[in-house]
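Subject: Structure handover, charged residues

Hello,

Here is the structure for your files. My notes on its charged side chains follow below it.

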Amino acid sequence: MAWPSVDGRGFVTATRAGHWEESLVSGNGCMGALFGGGPGEVLITFSHERLFLPTTPALPPIDMARHLGRLRAMMRAGRYQEAADLAVSLAEERGYGGLRWTDPFVPAFDLRVSGPVHGQPSGYLRGTDFETGEVGATWQDERGDWWHRLFVSRADDVAVLRLVGPGRGSVDGAVGIFAPPGPPGSNDAGGEYLSVLAECQRQHLDGVAGFRAIFRRAHDRSVVGYQVALRVVAHGGRTVRGPEGFTVAGADEVVAIIGLEVLTEGTGTGGGAGTGGGGAGSGTGTGAGTTFPPMAARLNALENDYAGLLARHAAIHGGLFRRAHLDLGGQAMSTAAPGAPANASTPETGSAPETVSVPGTVLVPSEELLERARSGVAPAALVEKVFDAGRYAIISSCGALPPNLQGVWTGTYAPPWSGDYTHNGNLQTALAALLSTGTPELLLGYFSYLESMLADFRENSRSLFGCRGCYVPSRFSTHGLQNHFNETWCHEFWTAGGGWAARLFYDYWQYTGDEDFLVQRALPFMVEVADFYEDFLVEDATGSLVFVPSVSPENNPGNSASQATINATMDIAVVKDLFRNLVSLSKALGTHVERALRWEALLRRLPAYTVDGDDALAEWIYPALHSNQAHRHASHLYPLLYEVDPEIACDKAMLRACRRAVELRMRWRRQPGNGEMAFGLAWLGIVAAHLGMADVALETVNMLAARYWRPSLVSSHDALGGAGGGEGLFNVDICGGLPALIVEMLVQSSVGTVRLLPACPAEWESGRIEGIACRGQVLVERLSWGPGRVAAVLRSPKETSLTLVLPATSRVVRVDGQLVSPGGGGNTRRVESAGGSDQRVLLRLAAMTATTVETWLEGGEPRVAEG
């Protein structure tokens, strides 16, 4: 394998995968591959973004609307659990039979490669190249060096595997595909799969082997099955077809090309390559029929040259990945001096080496970087690696659909929380860095997925609350109906889903300026969500609007055991944000003028944020309900998650209360055993950054980087090992959340304003970040900082006026080489000094031109600009 060079971006690990969760990952958004195994064998488990096992058909939402008056009366009387029990009784009448889970995300098949090992193997290493999407392994035996490499192509919607031995004619073995449960391996259970499977028929045609699986319990929202194809080319050797695939003898190298398609009722097509970056497919299907011949023909039409296939894919994948880059000076920590001795572990011991020799450089393995972070301080090298690793995983799992809880990878038939799309925080956290790191097209699958379920969302609104518009539930996979709740988990009472989704529609437009998207997609969705809230909100005795029922996911008040509540702060904040954005759009576009007057009137009647008995932002704006600080979620901090709510931003007392809320949640997080649910910690860090709490933001980065990543550099849901740590659970939430947090520490934006280094900790004394997109179509092409100096290059595709908020200690500013004094610079740029506080530079960017801004901090000296 061409390991990442010193100048490249990737990692190596000497830890062998003992379980599918420890595998390396590669994906094209549509197909995912978990690369595991060891010397002489490869085990790769494949999955497809649409392969949710049809186990739980959708049921109509409960008819709660007819009982809503009684339910609300119960809640206003403080009988919260009775209200929750009423909803459950309605579900029993409709045949729910308890908590109904979404259809689970499951693996499709294993690809297994076996071959002889000559003598005792040594020097086993695995690695991932983030820029190409390649994963692989290498080791030595008495014959020489062996290499296995794999990637999943965005260009051709196939996976490609290459096997290389120590010399001509050295590669022998078998390459086969197995439908789980198959032979003993990493896939668990299989009983649920077999209970749903109607047939699994082997197929062979024109040198391509495969199988077709059909589900007997497919329902009207699910796929009906899937099919797999395998083509094996032995360069310089020969292949013989076997029962599961092919045996190979005397080859110089072997190239295997693997295809996977889901089958849908009536369409006859399989899911194609994901959108984003110019992939071959649009996400609506490859055009292959439900019969095997077209799929075999597609694989046979591809060249068998690994390098050529990789080049096509890497141009797309690398083009997405390279758009953003973080440098905190960690390269010196992640590489040893050239010529340093190798100390790779043996496959048997799995012990972590201190350095690993690879062609062209010496890299420190990921497990060593993670070990260095156990002191509680993540080294810069690890922060850079997980920033890249997180972006790599999310890019690789964004296709026609957004990443689910596990991205696009799984090796189990019993995934935690069904491996679905959990919309009360998990999914949004996974998507959190796509806009700011310059990959907005990867959000389009999320929008399309929501739009495809509008009919279900409308039915939810009508049945549950008797409202117009649409209601987006807390979790879904193959359908969007609200079916998942019980007497404890009152998800049917959580109404913030539509407004939260609307914020992402709105933000996509703010970042990209795509007017067609705004008019044709974002605004219609936002208005339909507003329809729901207009009908849902009711008055109290004072004329103020009330959210009843309400839920603050997944918390209960300190003085109530029920999650069923009134006026959760999150619900209120989401609706304030939605109405405010709609009013702004109405004024800008001249549309929905009468509706805008109503939205403004509703805004004035929404409850004001309040402070609780702990002097913190209250989690429920309802006097009878007390805050509960001991919880993994921090949903009441939603008004500071994207752009700080103006109601809070202009109120110093409320800002203090928000800081206090962060501190109290962090106090709970620091206690042993409170490492569950990583995304809540990422939220706390982002909010801390927006409040200028650089030390707390850094603490969350250190905790996330040190405790939630395996040596394979895929994140987990819960902390791994150590005090309070456990098995972690494979989960990609903070693969998006941690990069987003780091970006917000270094660059924040609203339309017309960019803040540089707003929460950069003193420990990051110098560094550089590139390719950070901002609201208002401004790109921070490069931001660098060091002792006494900050420099930034900004660019925009349109002429724009921009206020640049600089670090508080700024004292001299230069724009495009010209020193600018406070109050000077005419109408194109000026500096406003506020008595030692932040200095603000107002500058005008001409379309597509780069403007360089330099500022010298206290203790720094102006000098000639570098480079």
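Glu528 is buried, with a relative accessible area of 17%. Here buried means under 20% relative accessible area, exposed means over 50%, and partly exposed is in between (1.4 Å probe, protein chains only). Accessible areas come from the Shrake-Rupley method with a 1.4 Å probe, and for residues only the protein chains shown count as cover.

This is a predicted model, in which local features need pLDDT of at least 70 and side-chain atom pairs count only at pLDDT 80 or more, while totals for chains, interfaces and linings use all residues. Residues are numbered from 1 along each chain as its sequence is written, and side-chain values use heavy atoms, with hydrogens and water left out.

Salt bridges

The side chain of Glu528 forms a salt bridge with that of Arg458, at 2.4 Å from N to O. A salt bridge is a side-chain nitrogen of Lys or Arg within 4 Å of a carboxyl oxygen of Asp or Glu; by this rule there are 44. Glu528 sits in helix H13 (residues 515-536) and Arg458 in helix H11 (residues 454-465), so the pair links parts of the chain 70 residues apart. Helices (H or I, at least four residues) and strands (E, at least two) are DSSP runs, numbered from the N terminus. Arg458 is partly exposed, at 31% relative accessible area.

Shared partners in salt bridges also join Arg468, Asp531, Glu534, Asp535, Arg595 and Arg598 into one network.

Asp388 and Arg9 meet in a salt bridge of 2.9 Å, N to O. This pair links distant parts of the chain, 379 residues apart: Asp388 is in helix H8 (residues 380-396), and Arg9 is in the segment before strand S1 (10-13). Both Asp388 and Arg9 are buried.

In the salt bridge between Glu134 and Arg149, the closest N and O atoms are 2.7 Å apart. Because Glu134 lies in strand S7 (residues 134-141) and Arg149 in strand S8 (residues 144-152), the pair ties together parts 15 residues apart in sequence. Glu134 and Arg149 are both buried.

Negative patch

On the surface, Asp85, Glu92, Glu93 and Glu487 gather in a patch of negative charge. Patches are made of residues with over 30% relative accessible area and no salt bridge, with like charges joined within 9 Å and nonpolar side chains (Val, Leu, Ile, Met, Phe, Trp, Tyr) within 5 Å. Asp and Glu count as negative, Lys and Arg as positive; His and the chain ends are not counted. Each charge is placed at NZ of Lys, CZ of Arg, CG of Asp or CD of Glu.

Glu92 lies in helix H2 (residues 80-93) and counts as exposed at 55% relative accessibility. Asp85 is also in helix H2, but is partly exposed, at 37%.

Regards
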